[in-house]
Amino acid sequence: MHITVSRAATGFGSPALRSVRSNSRISTMAQSSSEQVFNKPKVELHVHLDGAIRVETILDIAKRRGIPLKAKTASELKHNIILHEPATLTGFLEKFNEYMHVVAGDREAIKRIAYEFVEDKAKEGVIYVEVRYSPHLLANSEVEPIPWNQSKGDLSPDEVVHLVNEGLSEGERAFSTKARSILCCMRHMPNWSMDIVELCKKYRHHGVVAIDLAGDESLNCEACPNHRRAYEEAVRCGIHRTVHAGEVGPPSVVREAVDVLKAERIGHGYRTLEDQEMYKRLLDQNMHFEVCPISSKFTGACDPDFSQHPLITFMKSKANYSLNTDDPLIFNSTLHLDYSTAHKYMGFTEEEFKRLNIKSAESSFLPETEKSELLSRLYKAYGMEQSTAF
């Protein structure tokens, strides 16, 4: 299917290939991200691999591949990539055009960003993470159309998944942070969706734990039936399912995710609150909401006033939800910033942080044995009895 290349370890653990984060930050928001209001083990369930790449790594790869960039320094590139003011979801998505052509189609780069991702999460105190991405958006072969104006190459979506799995696995061994992946269908590319579910099936015992649907929420499954067929196959085969829904789209998108696609978790889900009957139903079902506070401010998903954020209602309802970074590169943020924001503006306490992380672990897509081990680690780290009820 493609030209075979060596898949031997490429030495990502060596100092020469492990780029160092710049100590300088562009925005005052990021300067406060070092404040650790919850300096205990955490679980993260909603973060995009291609939105969590180190700026220094992008520059390094561009130099190696001879790809020109609009910026020559890390500070300049950060300025081009980062959203400095609240925008729209479309404005946010345009930021990927600044750098994705540098990483896509390159085997060494793809494995490297996966490895470095685990290292960065370990530094944030994350002991388990589920990272998501579209393998087609990192490929240059067996994908139509070829993304990011790349020339046709020999890197297929299948090999992309293999490379990411290798990078995550090496990172897990190096940094003791367990990392699994979720493969994304894209709403605007329904012809990729059946490929995605087949890749989920192929790699379900090799690092891939679920399927996701991301992108423009106005493109529903009636207009794009391939998404529905992919999710039906996922249900049939026991593949776990999450869906981006209710971020900027209406509550009906959440209803479709739950009732048609049989989602077990909802990515974002803020607009669910506009349909109180459905919200109560999802509370009763213990539906998990993957909440991303900093992201929601910059994508236009929520009021930029954090004191009015839907997360406050989730907290008061004792809903099942997690705190996540979504795309920390573009928001110039860290998980610490999401936690400190929830603490400073939404009244979160240490007890709530403990509760939401335990709920996150319970809602993870790990096999039951591994999930039990994760929960035991959290209870022990939190000094709690495992029988504690929330």
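Helices here (H or I, at least four residues) and strands (E, at least two) are DSSP runs, numbered from the N terminus. This is a predicted model, so local features need pLDDT of at least 70 and side-chain atom pairs count only at pLDDT 80 or more, while totals for chains, interfaces and linings use all residues. Residues are numbered from 1 along each chain as its sequence is written, and side-chain values use heavy atoms, with hydrogens and water left out.

Let's start with the loop between β2 (126-133) and α7 (157-175), which holds P145. A cis peptide bond joins E144 to P145, with omega at about -5°. N149 also lies in the loop between β2 and α7, and its phi is near 55°, a positive value in a residue other than glycine. Over in the loop between α10 and β6 you'll find K262, again a non-glycine with a positive phi, about 60°. For context, most residues other than glycine have a negative phi, and most peptide bonds are trans.

How open are these spots? Buried means under 20% relative accessible area, exposed over 50%, and partly exposed in between (1.4 Å probe, protein chains only). N149 counts as exposed because its relative accessibility is 80%, whereas K262, at 42%, counts as partly exposed.

| Residue | Phi |
|---|---|
| N149 | near 55° |
| K262 | about 60° |

**Strand β1 and its surroundings**

Strand β1 (residues 42-48) has seven of its seven residues buried, so it is largely enclosed by the rest of the structure. Two strands pair if DSSP finds at least two bridges between them; β1 and β2 do this in the parallel sense over five bridges. Within that pairing, V47 stands opposite V131 in β2.

What does the side chain of N357 reach at 2.8 Å? It's the backbone nitrogen of V43, a polar contact (a pair of N or O atoms within 3.5 Å; within protein, one must be able to donate a hydrogen and the other to accept it, and residues adjacent in sequence count only if both atoms are side-chain atoms). N357 is found in helix α16 (residues 350-362) and counts as buried because its relative accessibility is 0%. Contact means heavy atoms within 4.5 Å, and the residues that N357 touches include F38, P41, K42, Y339 and Y382, not counting residues up to four places away in sequence.

**The nonpolar core**

A nonpolar core is a set of buried Ala, Val, Leu, Ile, Met, Phe, Trp, Tyr and Cys residues joined through side-chain atoms within 4.5 Å. The largest one has 121 residues, and Y99, F117, I211, I266, F314, Y321 and F348 touch the most other members. Helix α6 (residues 107-123) supplies the largest share of this core, seven residues. Leaving out residues up to four places away in sequence, F117 touches V47, L49, A52, V129, V131 and L168.

I81 lies in helix α3 (residues 74-81) and is buried, with a relative accessible area of 0%. Among its contacts are I58, Y99 and L329, not counting residues up to four places away in sequence.

In helix α10 (residues 251-259), P251, V253, V254, E256, A257 and V258 are buried. Their cover includes β5 (240-245), β6 (265-268) and α11 (276-284).

**The annotated span**

The unreviewed UniProt entry carries the annotation "domain: Adenosine deaminase" for residues 41-380. UniProt positions are given in the numbering used here, feature names are shortened, and annotations may be inferred rather than shown by experiment. The end C-alpha atoms of residues 41-380 lie 10 Å apart, and the span is 47% helix and 14% strand.
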